[in-house]
Amino acid sequence: MTQYAVVGVIGTCAHFAILLSLALYLGSTLSSTLGAIAGCVVNYMLVRALVFKTNAPHYDVFPKFGVVAIACVSVNAVVFHLSSYRFSIVVSQFMASAVVLVTGYALNRNWTFHGR
């Protein structure tokens, strides 16, 4: 999980860069969601190569990762939106990211890259 979290920091940096760049123009929830999508792309490439170290073809792994990513983007949007009523966008995003980290790792380890 430690490697997954470290790799996730890189994806989270991409996520935060987009969130903070677009929040004033597109609103915080949409900007957070777009950032989460960008973070998912970064995470897929790094998780596949560095954490689970799979040589499985993309057509086998990427669809599963995509399902997990959609679930995680959805979880991110809900947690972010609900927490943003009470907290700043930065605190809300950290909270959402923590939930997504645990959810994404469990799903990717047990389903996407299972047995790899």
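Visitor: Where is Ser97 found?
Guide: Ser97 sits in helix α4. Helices here are DSSP runs of H or I with at least four residues, strands are E runs of at least two, and both are numbered from the N terminus. This is a predicted model, where local features need pLDDT of at least 70, side-chain atom pairs count only at pLDDT 80 or more, and totals for chains, interfaces and linings use all residues. Residues are numbered from 1 along each chain as its sequence is written, and side-chain values use heavy atoms, with hydrogens and water left out.

Visitor: Is Ser97 buried or exposed?
Guide: Ser97 counts as buried, because its relative accessibility is 17%. Buried means under 20% relative accessible area, exposed means over 50%, and partly exposed is in between, with a 1.4 Å probe and protein chains only.

Visitor: Which residues is Ser97 in contact with?
Guide: Thr12 and Phe16, leaving aside neighbours within four places in sequence. Contact means heavy atoms within 4.5 Å.

Visitor: At what angle do α1 and α4 pack?
Guide: At about 140°, with their axes 11 Å apart. Axes are lines fitted to C-alpha atoms, for helices over the stretch in contact, and angles run from 0 to 180 degrees between N-to-C directions. The contact involves residues of α1 including Thr12, His15 and Phe16, and residues of α4 including Phe94, Ser97 and Leu101.

Visitor: And the handedness of the α1 and α4 crossing, left or right?
Guide: The crossing of α1 and α4 is right-handed.

Visitor: Which residues of α1 are buried?
Guide: Tyr4, Val7, Gly8, Gly11, His15, Phe16, Leu19 and Ala23. Their cover includes α2 (28-51), α3 (58-83) and α4 (89-112).

Visitor: Where does α1 bend?
Guide: At Leu20, by about 30°. The bend is the angle between axes fitted to the seven residues ending there and the seven starting there. α1 covers residues 2-26 and reaches 33 Å from its first C-alpha to its last, close to the 36 Å expected. The expected span is 1.5 Å times one less than the number of residues.

Visitor: What comes just after α1?
Guide: Gly27, with a positive phi of about 90°.

Visitor: Which residue other than glycine has a positive phi?
Guide: Lys53 does, with phi near 45°. Most residues other than glycine have a negative phi. Lys53 is in the loop between α2 and α3, and its relative accessible area of 57% makes it exposed.

Visitor: New topic. How are α3 and α4 placed relative to each other?
Guide: They pack at about 155°, axes 8 Å apart, so α3 and α4 are roughly antiparallel. Angles under 35 degrees count as roughly parallel, over 145 as roughly antiparallel, 65 to 115 as roughly perpendicular and the rest as oblique. The crossing of α3 and α4 is right-handed.

Visitor: What do the buried residues of α3 pack against?
Guide: They pack against α1, α2 and α4. Among them are Phe65, Cys72, Asn76 and Phe80.

Visitor: Which residues does Ser92 touch?
Guide: Phe80, Ser83, Ser84 and Phe87, not counting residues up to four places away in sequence. Ser92 lies in α4 and is buried, at 0% relative accessibility.

Visitor: Last one. Where does Pro63 lie?
Guide: In helix α3. Pro63 is partly exposed at 45% relative accessibility. Its C-alpha is 8.6 Å from that of Thr112, 49 residues apart along the chain.

Terms used: A crossing is left-handed if the near helix is turned anticlockwise from the far one by less than a right angle, and right-handed if clockwise.
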